[in-house]
Amino acid sequence: MEKEARKLYKKTREVVSKAKRTYVCKPLKDVIKEYRECKTIEEERALVKKECAHIRDLFREGDTAFRRRNVQKLVFFHMNGYPTDFGQIECLKLAASHKFSDKRVGYLGLTILLDENTEILMLITNALKMDLNEKDPAIVGLALSVLGDVSSAEMLRDLEPDIALLMDQSNDYIVKKSTLVASRIVRKVPDLSDVFAAKIPSLLASGHTPSVYHSACLLLISVCETDASVMTPESFQSCVDLLCQMLIHTCEKSHNHEVDVGKIPNPFLQIAGIHALRVVGQHYSTESALSAVLQAAKHLSDEISVVSASVLMECVKTIRELPCASAQDIRFALEILEKCMNHKDNTIKYAALQELRLFVPLDPSGVEKHREIILECLHHNDVSIRTRGMDLLCSMATSDSVARYIDELVSYLIRSGSEHQQKIVLRICYLVEKYLSSMESRMRVYIRVLCEADVQVPERVLANFLALLSNSSACQKLAVQTLFEYLSSNAPPERIHLRKPRFVRTSIYVIGEYGADYAASSSSVGCVELIQSINKYLQTYRNDDSLINEQFSESGKLKLSEYVSVRLAALLSIMKIVSRSSGEQQQSLLLAREIFGQFRNHAELETQQRACEFIVLLASDWSTVRKHVLESMPRLDYETRRHKIIQEVQLDLDRGNGKNRKSSASVLSSHAVTIGNTGLLLSLLDDDEDDVAVGQSAQQQHAPQLMDSFSGKNDANFDLLTLGDSLNESEQNRAEPKQAMKSVDPLDDLLGTSSNLLALPPNAESASYSSRPKPQHDAAGALDLLDLFGAPAQPQSPVSEAYSAQILNENQVQILLTAKRQNETNSESSTQTLECTATLSNLNFNQSINRFVLQVSVPRYIKLQLYSASSSGIAMGSTAHQKFTLTNTLSNEKPFQFRFRLEFERNNEPFKSEGFVKDIKC
């Protein structure tokens, strides 16, 4: 008796508890109201957590009274980004219900909470099959909506007979939806295309509503794009005739206020029909039908509006893509584009400019007639219109017209804001390198662009300009003359934000590198005058560091490195002129000593170090060393650099044209991944999210530029005077650094300060000025300038033997891993560090790798530091390097190991490879 009473009491408590929870089950409207009233993210999350807890309890107890209401709330939460996986089974239960209201909410939840790759979706196949055979069109429509949205290939294959039967019904609503599902079947299961291809002519025949015609056009497009071989010539001819009749009837006679937009008869059906005609025309001749359709649509060009322009743009696209289009059709398309470019609506103007670019290969002379209209777009208020106009000018440029286009783009460069100048500079350089044949003309444009854009000129463009100068002696003298006249005639601006540090830095470098030869051949300008012109700007940039930090917050800090590099470039250029001068050796020597003496106590460390080094080098005892240290720069590889710029901009232009466009899932990120975005490599080592550290190379924004030495970033890690002993010992010792120099890109040392013996690795991170390491003794025990002041040399850490292994060889890409273990000074420490280098080789000698991303995942006892890659892409048969360090905090217990993922694009086709490296021993 007591036992039965306890059971009854427990059951009563459960009923009461359930009743209480049921009582607080709020309707969707109240939940949305409370959700919108939340003022902070914490309140919002608390509300969602509380409601989800109530819903989960009701689901667990099998509640049916409020199941529909709870699924509606889960759909709302899912749309706001909250996880709702626990409600998927309830959606299946609602979809299998006999009530229409339950089915509607259940199918809605399926389409939102699930996708086609969810395995649980297969459980609804039988319920869908039953609903497809219902007599109620509303229920059949719900089932067709689910199949059209989230169905998998297996479901579509199983339900294909039912869909084919529904396409033959008399209800146009069912026919429309089943035809759309058939279009999905053709795309997902191509071997079933022949089943539905035979039904297209009957769907295009008269007697249906416009919605059925629209869905039939989409089905025809899917069949032709998936497998056009299932269409016979008779089927093609029948479809072309029916499409032509339907389009002419729609354009001229159809007047249905339900589907007409802005007095344009059913523009959606017209666009779909013209699109279908274009796709069919790629497999079957449609010349007569195209002429008839264009004649019927010609009246739309009388008064251009957004709606009529949409239909006309589809006609223009059809004319451009069909090979059967005549010269008259192309002229008609260009007339339409001209009217659209003159329209006041920015959307129409933008679409016309975008489409006109694609007509340049078809009719360059016809596009050239609209040059004045295109040039006016560079003065438009909308930046997108200006960008489209600029890209169009680059596409239609020729050797005869490029000079005017460059002038217009330079004028646009002056008017534009700093956020757009870098892109404009690249477009100008593209035109210069592709169409200007004279080296002198190219040089003049580069100087003009550099003067106007200054810090917005990319370093790769600046490197290309300096490589151009190194390959032409005539350009060298002309550049020195032009830049010397500018520096002599223009006083440095007093206001900091008006100065041009990158232009001044480049001018000083060019004068220092080639000024001695120019002074030797000039009768009016000598080395003293060149030094004085440099010194005028050197004094202006002498003590601007504090002013920049005070007057500017972010922009000032950005320019600080530029101002430091101007000082370093000026000091080095003066030193080069002195060492290479012949007629005025003594006078220029005295002037240089006076200038260097002013900076030997400078507050900035690098400037002070350079001044002290140069003062010592000016001594007579160092004359032999000075000659070798300040040798002229070798000839640089100009052709490779210019072709890279041309290919980069051409790829950007093709991407703007819509060519080679991929889905968003294939886009490779070029930025470093933070710990919060580790979804790509989570659980690769069977660890939790908090136990995994992920690194990714920043290919574009953080990759070391060719001009690191030119900007003075690496100058503090070496000492010019360390060359002394090695250069004085023997001729053999002098030959060794020259051979090492051959393997280093000369543009990594444009200032000459980081010579062959002193160059840093390209991936070395630049440290702050206050925390840079002091120069070290080299292996031969060469003299360090800081030793003169009693600074002790710091010992280097010993490095053990290297580990080398091939960790990947697929998709014509090979990765060779080399690792060196850096020993800790404390032998009892369990922490060990590996310095790793991944060498990526492109084994394809016909195609380059455009962009690549190497990701590394390590377990929690290993710390990862991933540096920038040596380049953003890999040329044909070439290599790239990715450096990273692994710090094992439990090296005595666990080995070094990591997983990696390589994603790259070759010819705009994405590839992905993964691998696991374990037990690295070295």
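Predicted model: local features only at pLDDT ≥ 70, side-chain atom pairs only at ≥ 80, totals over all residues.
## Helix pairs

A helix axis here is a line fitted to the C-alpha atoms over the stretch in contact, and an angle between two axes runs from 0 to 180 degrees between N-to-C directions. Helix α8 (residues 137-150) packs against helix α10 (residues 172-188) with the axes 9 Å apart and an angle of about 20°. Angles under 35 degrees count as roughly parallel, so α8 is roughly parallel to α10. The crossing of α8 past α10 is left-handed.

The second pair joins α26 and helix α28 (residues 501-521), whose axes are 12 Å apart and meet at an angle of about 20°. α26 and α28 are therefore also described as roughly parallel to each other. Here, α26 passes α28 in a right-handed crossing.

## Aromatic pairs

A pair of aromatic rings is described by the distance of the centres and the angle of the planes. The structure holds 10 aromatic pairs. One of them is formed by F236 and Y284, with 5.8 Å from centre to centre and 15° between the planes, and this pair is stacked. It links distant parts of the chain: F236 belongs to helix α14 (residues 233-252), while Y284 sits in the loop between α15 (267-281) and α16 (287-297), 48 residues apart. F236 has 6% relative accessibility, so it counts as buried, whereas Y284, at 24%, counts as partly exposed.

What about the rings of Y446 and F465? Their centres are 5.7 Å apart and their planes stand at 40°, so the pair is tilted. This pair, too, links distant parts of the chain, with Y446 in helix α25 (residues 439-453) and F465 in helix α26 (residues 459-470), 19 residues apart. Both Y446 and F465 are buried.

## Charges over rings

K298 lies over the face of F332, at 5.5 Å from the ring centre. R899 does likewise with F916, where the value is 4.7 Å from the ring centre.

## Cysteines

How many disulfides does the model contain? The count comes to 0. C251 shows the reasoning. Its sulfur is 7.6 Å from the closest cysteine sulfur, which belongs to C315. A disulfide needs the two sulfur atoms within 2.5 Å, so C251 and C315 are too far apart for a bond.

Are C251 and C377 buried or exposed? C251 counts as buried because its relative accessibility is 8%, and C377 is buried with a relative accessible area of 4%.

## A loop with positive phi

Most residues other than glycine have a negative phi. With that in mind, the loop between β2 (799-810) and β3 (813-822) deserves a look, and N811 is found there. N811 has a positive phi of about 55°, although it is not a glycine. Its relative accessibility of 31% makes N811 partly exposed.

Q812 lies in the loop between β2 and β3 as well. Q812 is not a glycine either, yet its phi is positive, at about 60°. For Q812 the relative accessible area is 41%, and this residue is partly exposed.

L568 has its place in helix α31 (residues 554-580). With a relative accessible area of 2%, L568 is buried. Along the chain, L568 and A611 are 43 residues apart, and their C-alpha atoms are separated by 9.0 Å.

L204 is located in helix α12 (residues 200-204). It is buried, with a relative accessible area of 4%. From L204 to L220 the C-alpha distance is 9.8 Å, and these two residues are 16 residues apart in sequence.

Terms used. Residues numbered from 1 in each chain as written. Heavy atoms only, no water. Phe/Tyr/Trp six-rings, centres within 6.5 Å; stacked < 30°, edge-to-face > 60°. Helix = DSSP H or I, 4+ residues; strand = E, 2+ residues; numbered from the N terminus. Buried < 20%, exposed > 50% of the residue type's maximum accessible area, 1.4 Å probe, protein only. Lys NZ or Arg CZ within 6 Å of the ring centre and 35° of its normal. Parallel < 35°, antiparallel > 145°, perpendicular 65-115°, else oblique. Left-handed = near helix turned anticlockwise from the far one by under 90°.
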